[in-house]
Amino acid sequence: MHTKVQFCDPKKISSDIIEKAAQLLKSGVLVAFPTETVYGLGANALDPDAVAKIFMVKGRPADNPLIVHISDLTQLKEIVEEIPPLTKLLAEKFWPGPLTILLKKKASIPPIVTAGLSTVAVRMPSHPIARALIQAADLPIAAPSANTSGRPSPTSAAHVLDDLSGKIPLILDGGPSQVGLESTVIDVQRENPLILRPGGITLEQLKEIIPNIQIYSPEIMPALEDQPPSPGMKYTHYAPKAALFLYKGPIEEMSNQILMDIQQFLTENHRIGILQLIPHQYYEVMKKKFPFLEIKKLSLNSNLEEIAANLFSSLRSFDELGVEIIFSESINPIGVGLAIMNRLNKAARRIYDLSPPT
Ligand code: TXA
Ligand code: MG
């Protein structure tokens with residue numbers, strides 16, 4: 001199958017392009033499209049055969065449910081049993097945007113979408129192309145990130161093509177995703193409201209509306225450990241082909257240790273990459289000595305939004321450069337920093353914690 005990459009200007013959307021893509025979705029075919037978080041791989045959420053293609057194309061485990069995307073609240077009524085007052089409040093405040101809410105599903109949503117669960121994860125994306133496409137298709141659209149399972153999520157059409165070329169007919173190219181990390185997934189129907197996956201909407205923002213919301217972690221909730229409340233959490237994620245070694249602690253300690261640890265690999269001519277999250281000059285000496293050392297500076301002023309937007313594309317470009325080991329710094333898990341550290345922790349092969357004992 002030939003995969004067509006169709007450029008579509010988000011500022012001047014061609015209704016012709018959107019109409020054609022919507023027709024494909026209606027006929028049970030997959031279409032990859034941009035959202036503000038990452039690119040999605042869309043299918044008609046009401047058509048189990050179309051949804052089955054998503055699992056096949058991504059190589060996604062059947063027990064990992066999908067997010068259903070809507071463009072307005074009337075669509076929500078058609079897929080969930082009830083819209084609790086708290087959901088209305090959250091929708092008013094954060095939709096359209098990078099927040100995914102678990103709700104009790106209606107029978108209209110086939111079990112394959114939710115991996116047999118009674119809840120469906122719903123999100124209203126803000127990207128103009130995503131919104132136009134869902135509206136034109138006039139369907140709820142099931143869409144995971146448009147990557148091969150386990151790989152970093154795609155933040156450009158080129159990333160989608162790298163993973164899915166020959167497997168889907170159409171990728172809508174709307175330029176790079178602005179947020180760069182996936183949506184925040186929350187379950188607020190339970191007694192203790194939980195963030196199941198940190199993302200574009202922060203813990204701090206959610207606490208303004210749900211003061212007692214907590215981040216799910218197997219450490220603080222060991223009773224749930226065998227059965228994670230979000231099936232996706234048990235899978236390795238976001239992993240580049242290179243092994244990623246993650247360093248935590250004060251910047252001087254992290255950079256010193258990284259400089260010590262890369263020395264031997266560089267001398268042995270291994271391709272080494274450094275993921276620099278904090279601005280400083282500590283690696284420049286080594287770069288002079290070993291020009292093939294790849295350093296990716298994710299932000300020149302530690303701007304968290306910028307780090308998030310550049311993270312996945314940097315991991316993918318290390319792969320393209322043939323980097324074998326990535327040495328990564330850490331940042332404080334505050335604001336969007338929480339989602340950034342969540343993805344780095346999941347991508348990491350090894351973690352070195354150099355924080356002083358408390
Ligand atoms: O930003 C995003 O959320 C992107 C864009 C395309 O919208 N989508 C995305 O989908 O990241 P995916 O499939 O890569 O991640 C969905 C996550 C998985 O961790 C999955 O386990 C969880 O949401 N999830 C989906 N439905 C669920 C449910 N009913 N209960 C618990 N977790 C659920
Ligand atoms: Mg994904």
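1. Asn64 reaches ligand 1 with a polar side-chain atom that sits 2.6 Å from one of the ligand's oxygen atoms. In this predicted model, Thr37 does likewise at 2.7 Å, and a side-chain N or O atom of Arg123 is 3.0 Å from a ligand oxygen. A polar contact here is a pair of N or O atoms within 3.5 Å.

2. The protein covers 96% of the 680 Å² of accessible area that ligand 1 has on its own (Shrake-Rupley method, 1.4 Å probe). Strand S4 (67-69) and strand S6 (119-123) each give two or more residues to the shell, with S6 supplying the largest share, three residues. Strands are DSSP runs of E with at least two residues, and helices are runs of H or I with at least four, numbered from the N terminus.

3. Now to the sheet: 11 strands form an open, mixed sheet in the order S1-S8-S2-S3-S7-S4-S6-S5-S9-S10-S11, where pairing needs at least two DSSP bridges. Strand S1 (4-7) and strand S11 (214-215) are at the edges with a single partner each, so one side of each has no neighbour in the sheet.

4. Helix H4 (residues 85-94) lies across strand S5 (99-104) and strand S9 (184-187), at about 160° to S5. Such angles run from 0 to 180 degrees between N-to-C directions, with axes fitted to C-alpha atoms, for helices over the stretch in contact (heavy atoms within 4.5 Å).

5. A word on conventions: residues are numbered from 1 along each chain as written, while chains are lettered from A and ligands numbered from 1 in written order. As the model is predicted, local features need pLDDT of at least 70 and side-chain atom pairs 80 or more, with totals for chains, interfaces and linings using all residues, and side-chain values use heavy atoms, without hydrogens or water.

Notes:
Polar contact = N/O pair within 3.5 Å; in protein donor to acceptor, adjacent residues only side chain to side chain.
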